[in-house]
Amino acid sequence: MELSEIEEPQLVAPDDVKVRIELTGICGTDLAVITGKEEGAHGVIRGHEAVGVVVAVGGRVDRVELGDRVVIDPNESCGRCRYCRDDNPHLCEGADGNGMRIAGINAHGTFAPYLVTNQRFVHRLPERLGMEAAVLIEPLACVLHNFNVAKITRKDSVLILGSGPMGLLCQMVSQTRAGFTAATEVNPYRLSFARELSDRAFLPEELTEEAASKLVPGGKFKVVIDTVGTQLEVAERWVDRGGTIIPFGINGGYRHTIAPTSYIQRAVKLIGAGEYRHTFEEALRFATDHPELSRLVTKTYKLADYADAVHELLGYELDTLLKVSNESVKTVLVP
């Protein structure tokens, strides 16, 4: 990554909206692209979790007005491919079949002062919703979609592997949906958040059979969510018969060999739900009802100081590989 100056984006189409970015979060996907664990097009502005203020609108815009506070949906589904026509915009393959246009991945994103996008991809913020909570709407929408697909209920016990931003959001949602929520985390700072949000939270090595048997019947969980992206073997160890595993973290280089017979005989479901599907409005309602979301935003950096922010979240410097202490949950950039 590098800091560059480019021409300020302008409205092109009558449905376009120009947003002045106020806060933009650094996501695990951004880190995965930066470190080569996930693909991202060259020469585009990164960033896809953002809130801002509408500063210009095209002649046909009717969803928002000048001065509105909005959250941005970075997944610009085409509306024309077979997946979009089947009401599955999260699976969009693009009108040309070359993939969905995604801000920060293959199109200019939000690590910048301004973004121009179609009005379909901006959502007005409720008056009671603060900017710091709202910057978590996009990842929260992903969490809610996965919980919806897994059909998690109060009868279920949930184990969440990893307590980064996505893991902690899973824990917050789980406390409103499931009967019991446990979590793991290696970072002491983030573990302290998990211990406040979950019924029980452990260092990975503390979650033993003896400890689990005191929490849930048989010492197994009905749902195990891997928010790390490398923990399917661990998930298999802790999932109950008839249970569900949800791979959720992003690591394109991770591979794990499964034993299909074990899944069949134990009736274990492995769910790949994708990102969000029609859950932005649901996320806005959840965030409005849970203003404590803003507590997860723990560090703010100027855009010019992006390298310090990225290195802290990675836990090391990209060039030197020197270790960097990480005491942040969600880090946001301010243009």
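## The main core

Let's start inside: the largest nonpolar core has 51 residues, and Leu129, Ile137, Leu140, Ile225, Leu293 and Leu296 touch the most other members. (A nonpolar core is a set of buried Ala, Val, Leu, Ile, Met, Phe, Trp, Tyr and Cys residues joined through side-chain atoms within 4.5 Å; buried means under 20% relative accessible area, exposed over 50% and partly exposed in between, with a 1.4 Å probe and protein chains only.) Among the elements that give two or more residues to this core are strand 2 (49-57), helix 4 (137-150), strand 11 (221-226) and helix 10 (280-289). Helix 4 gives the most, with eight residues. (Helices, H or I of at least four residues, and strands, E of at least two, are DSSP runs numbered from the N terminus.)

This is a predicted model, where local features need pLDDT of at least 70 and side-chain atom pairs count only at pLDDT 80 or more, while totals for chains, interfaces and linings use all residues. Residues are numbered from 1 along each chain as its sequence is written, and side-chain values use heavy atoms, with hydrogens and water left out.

## Rings

There are two aromatic pairs in the structure. In one of them, the ring centres of Tyr276 and Phe280 are 5.0 Å apart and the planes sit at 70°, so this pair is edge-to-face. (Rings of Phe, Tyr and Trp, the last by its six-membered ring, pair if their centres lie within 6.5 Å; planes under 30 degrees apart count as stacked, over 60 as edge-to-face and the rest as tilted.) Tyr276 and Phe280 are both buried.

## Helix 11

How many of the nine residues of helix 11 are buried? Seven are, so helix 11 is largely enclosed by the rest of the structure. The buried ones include Tyr306, His311 and Glu312. They pack against helix 1, helix 6, strand 14 (297-302) and strand 15 (330-334), with contact meaning heavy atoms within 4.5 Å.

## A pocket

Helix 11 (306-314) turns up again here: along with helix 1 (28-34) and strand 6 (114-118), it supplies at least two residues of the lining of the second largest pocket. Strand 6 gives the most to that lining, with three residues.
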